[in-house]
Number of protein chains: 2
Amino acid sequence: MSAGLDIQAGSEDLNQLLEIGKLIMRSHYCGHLNKSLVGQNVELCGWVNRRRDLGGLIFIDMRDREGLVQVVVDPDMADVFEVANQLRSEFCIRLIGEVRARPDSQVNRDMATGEVEILATQLEIINRSDVLPLDSNQKNSEEQRLKYRYLDLRRPEMSDRIKLRARASSFVRRFLDGQGFLDIETPVLTKATPEGARDYLVPSRVHKGKFYALPQSPQLFKQLLMMSGFDRYYQIVKCFRDEDLRADRQPEFTQIDIETSFMTADEVRVVTEKMIREMWQELLDVDLGTFPVMPYSEAMRRFGSDKPDLRNPLELVDIADLVKEVEFKVFSGPANDAKGRVAVIRVPGGASLTRKQIDGYGEFVSIYGAKGLAWLKVNDRAAGMEGIQSPVAKFLSESVIESILERTQAQSGDIILFGADKVNVVSEALGALRLKLGTDLSLTDESAWAPLWVVDFPMFEEDDEGQLHAMHHPFTSPLGVTADELKANPANVNSNAYDMVLNGYEVGGGSVRIHDSAMQTAVFDILGIEEDEQRRKFGFLLDALKFGTPPHAGLAFGFDRLVMLLCGTENIRDVIAFPKTTAAACPMTEAPSEANPAALEELAIAVRAKAENV
Amino acid sequence: MSAGLDIQAGSEDLNQLLEIGKLIMRSHYCGHLNKSLVGQNVELCGWVNRRRDLGGLIFIDMRDREGLVQVVVDPDMADVFEVANQLRSEFCIRLIGEVRARPDSQVNRDMATGEVEILATQLEIINRSDVLPLDSNQKNSEEQRLKYRYLDLRRPEMSDRIKLRARASSFVRRFLDGQGFLDIETPVLTKATPEGARDYLVPSRVHKGKFYALPQSPQLFKQLLMMSGFDRYYQIVKCFRDEDLRADRQPEFTQIDIETSFMTADEVRVVTEKMIREMWQELLDVDLGTFPVMPYSEAMRRFGSDKPDLRNPLELVDIADLVKEVEFKVFSGPANDAKGRVAVIRVPGGASLTRKQIDGYGEFVSIYGAKGLAWLKVNDRAAGMEGIQSPVAKFLSESVIESILERTQAQSGDIILFGADKVNVVSEALGALRLKLGTDLSLTDESAWAPLWVVDFPMFEEDDEGQLHAMHHPFTSPLGVTADELKANPANVNSNAYDMVLNGYEVGGGSVRIHDSAMQTAVFDILGIEEDEQRRKFGFLLDALKFGTPPHAGLAFGFDRLVMLLCGTENIRDVIAFPKTTAAACPMTEAPSEANPAALEELAIAVRAKAENV
């Protein structure tokens, strides 16, 4: 197979070679070759990206991690030519050759190495390749791409994402190391609790019938590290959630986990905002600017979302006060209900929407529980009611319509879309509609970056049975109240929590934690967690709070999501080397799969259902 | 509780404050205070390490992550004094005070901040503390220390280890980033196989009856990354092994995982040796020097171990050729057996060992299967046989004894200890005895560092049934043979593997991998892995080998063990923030524990045994 190369390198001068940066099996990466090397012999290792035969010569586009270079094989070099003649796409090869400048007419400006080519003088096939099951020119199904992930990752588009991810984690570590944060590992085999749902469980062999749980986050461990006095902690760490998957969720995901002692919420925000700004600057050369800070209530009011995409100029405008008195019950009902909301979105230029398009948006908002989508076109603002076109205009007085137009600053050519229902329904429906309109009508500036802090979240959410649930998690500190004040009126208290939002994605979230055991117990009580359950699940935390716990606060970033944004992709699987499908399976290794029956025996567990085929 | 401090800081100038390095709740760490700050007001947060009342004043040793400083409270400051009077050990406090130089007579040279003290002007108790369940002066049981791990980690001895670990991982990342290695994450939820033992299993909820396995190493994924062309990969990654624990094992452990393409074994050794040398230089200011390289056969011959501790000067000396002809069957039997070994250790000064001590060593070697421990004291080398004292001398001729003395270069006062049995028994028994003697007789230089590469391992080990097993793993490349040559004579082939040994610990191990599918299939065949099992377990690897796989090689370090060596501890739990006990349990969180019955139902698994109590 070989045209005379010995792949085993000598070892005597290895240290010296390493010092001067020489690679032994090769002298350079393909992608690094340039005009300064003209006349030199280089040794290259890599893959045949493409082979062409032209004018009696063989041209090889040779690829390695750093890029492509063109190799020329001349039939005068009979040995080399014979080997080259066997080459097919994706053969792994090694060669020695001379760097030549290309004539001006043949310089390829689209190629980083396009000013040079290599005249091969020795050539060896290291490994042949079958024809790839993935087509490089066609779209492959994602299932097929995942099955042959190792081949899919050869595509520069994919490998660039994985490389950018590595640069991102390296940046984060350098930044946090520089700020005095300590990288401390927390356990993966953690405590299962009888109340725990959506935890991945791991049966114990030593303690038969008992289970570990894979962590959904290292929350309690990082709080304990603050109690130990480590002061500033971080970890880039895998977390696990066994839940129904969505397009941007994975059963295992990576978190940049941060916790600090003796820092206020403001300080945590400043440090982490600085990190993200410098990251974008270093990796994308983008200045994100200072992040605006917005209370949750404002975000819900103006954008119908706690993670508004501020690249989208549309806003929700409340009009309940204007329609309280109208006879049209669809509006006046919610307008007079303390739990109702009536709001509109004015869409500039939206009067050109067809009836069919508007009906489509009506169907869209129904997903979020809206019962319809009233609309009002402003065909000619100067023409009074004559210029208005709307199926609901007849239910509204001229003065009500005029006040809506004034409040929304409607112009000729706009459309106004209405939401009237329970607060949550209106906010969610119009919030989602706002995003869809922004994309459909190209109102959202996709090239922009819009970061934002959302703060002052409610401490609790109420479910339909009136039970309160923690909006973040039960270790989040309330804002500005004592334990007694919290107990007296929990539903109206805000938490000291903060979310970082970027282009409509929640990229990070955190809070000041409770460091007072009376407060922690009060929160557990409000959440309806009984005392024995408190002890069983969080006994060690409650114990730990007795021993001089410092004030502490932290934040966790969804690292996969940050990298998604850095890469400009909306598919989380594109930024994970070996992701799972949305059905939590791996088509390449065929995980999950059947287990060793003897191992199950030893674990003292039995499978109750016949194993399904993946 | 407060003497007038508002813990919520203002936010307007946070960015500016952060730029100039000012911490908001505090201005300095306690441990950073020094004479240059005399006269300045400082704000400190931390813990009461100790309180003393002396001459009407209250003295507080205040502690934070960076160290201790002495605080003085004067009764003239009535408010502050009243708060100080409530202080007990481990109260979390915040104070403002003035840095004062201590009079020369009161300078504490044992304390980094011993030249100064702080005169408190404001003092606040952030959080009180119960009396700690751990005694700071007494030895606590490890169980108790693990139960209150967050308190045990407050001890500077423990927190220093965790900090050194963070510095170690930071160093490794900086080094490998600098060498062009890419940090790429591999899955934690991987494929379970019917043959897999000792894997932790994770039942799938989506695919009922099927399981994921937690990885024992990312071996196959890192090889696939090389097939993708990433060229240089690393990861500091958790791995899992459900096996009987030993003192230096944990169910989850951390690996520095490295893989490269187009690099020879020598190159991998040079890069990783450079990493460890620079690591020791940076973290301990120790120059490890160039690592010697030793074949496996020499290590077993001279030290009876594949991970010899070269700080120990004792060596095994083979004497089978000298005793082949003696009538003493205990020696001549193994000496004439191709699978036997006869070897001795000469222990300088060992003639002073008592009969009882020698009997003790005899019992010690019996653990390793040795049937006895023959010995020979050289009381006076000049006195011929008169100077010899030995229960076996009578079975040996004078010339045999003389040739043994010559070969071992025995001196007056030495003892010679004999091993004669099967090769493995002699090597293991004398190898272990060598270590024990080195420690017992203080022959091993505990202050020294002795690194070493062991290479040229046998490819396979034979079990009692004659079946061959991979000495490293089945993806290890044989050294210098074709697939056909390997199949013809597998038992005599060496692998292209290498272990890094430091002070008798195997800290890292790796190999050149098989990149040829015929060779991979040959190895599977030799190992007796049937074709359908090959497909089921490694089908994706065998597929991947068809598509131009590059030559690749790698290495994995046991990170916990490296940190153990850096910290000078022999207890692996000392270098892990939240370790498990040797019974794989966590006394703090009480993991593992009973799981949610509804969750088990949903996972379609049942517990067969009644849960044991941990």
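Author: The expected span of a helix is 1.5 Å times one less than its number of residues. Helices (H or I, at least four residues) and strands (E, at least two) are DSSP runs, numbered from the N terminus. This is a predicted model, in which local features need pLDDT of at least 70, side-chain atom pairs count only at pLDDT 80 or more, and totals for chains, interfaces and linings use all residues. Residues are numbered from 1 along each chain as its sequence is written, chains are lettered from A and ligands numbered from 1 in the order in which they are written, and side-chain values use heavy atoms, without hydrogens and water.

Reader: How far apart are the end C-alpha atoms of helix H13 of chain A?

Author: Helix H13(A) covers residues 423-440, which is 18 residues. At 1.5 Å a residue it should span 26 Å, and the computed distance agrees with this: 25 Å.

Reader: Which elements are included in what covers the buried residues of H13(A)?

Author: Buried means under 20% relative accessible area, exposed over 50%, and partly exposed in between (1.4 Å probe, protein chains only). The buried residues of H13(A) include Val425(A), Leu430(A), Arg434(A) and Leu437(A). Their cover, by contact (heavy atoms within 4.5 Å), includes helix H8, strand E13, strand E14, helix H11 and strand E17 of chain A.

Reader: Which rotation superposes chain B on chain A?

Author: Two copies of a chain are related by a rotation about an axis and a shift along it. Copies are superposed by least squares on the C-alpha atoms of residues with pLDDT of at least 70 in both. Here the shift along the axis is 0.1 Å, the RMSD is 0.1 Å, and the rotation is 180°. That is the relation of a two-fold axis.

Reader: Which residues touch the most other members of the largest nonpolar core?

Author: A nonpolar core is a set of buried Ala, Val, Leu, Ile, Met, Phe, Trp, Tyr and Cys residues joined through side-chain atoms within 4.5 Å. Leaving aside neighbours within four places in sequence, the contacts of Leu214(A) include Phe240(A), Leu189(B) and Leu214(B). Of the 108 residues in this core, those touching the most others are Leu214(A), Leu225(A), Leu214(B) and Leu225(B).

Reader: What is the bridge partner of Arg94(B) in E5(B)?

Author: Chain B has a closed barrel of five strands with mixed pairing, in the order E1-E2-E3-E5-E4; two strands pair if DSSP finds at least two bridges between them. Strands E4 (residues 92-101) and E5 (residues 116-127) of chain B pair in the antiparallel sense over 10 bridges. Within E5(B), the partner of Arg94(B) is Glu124(B).
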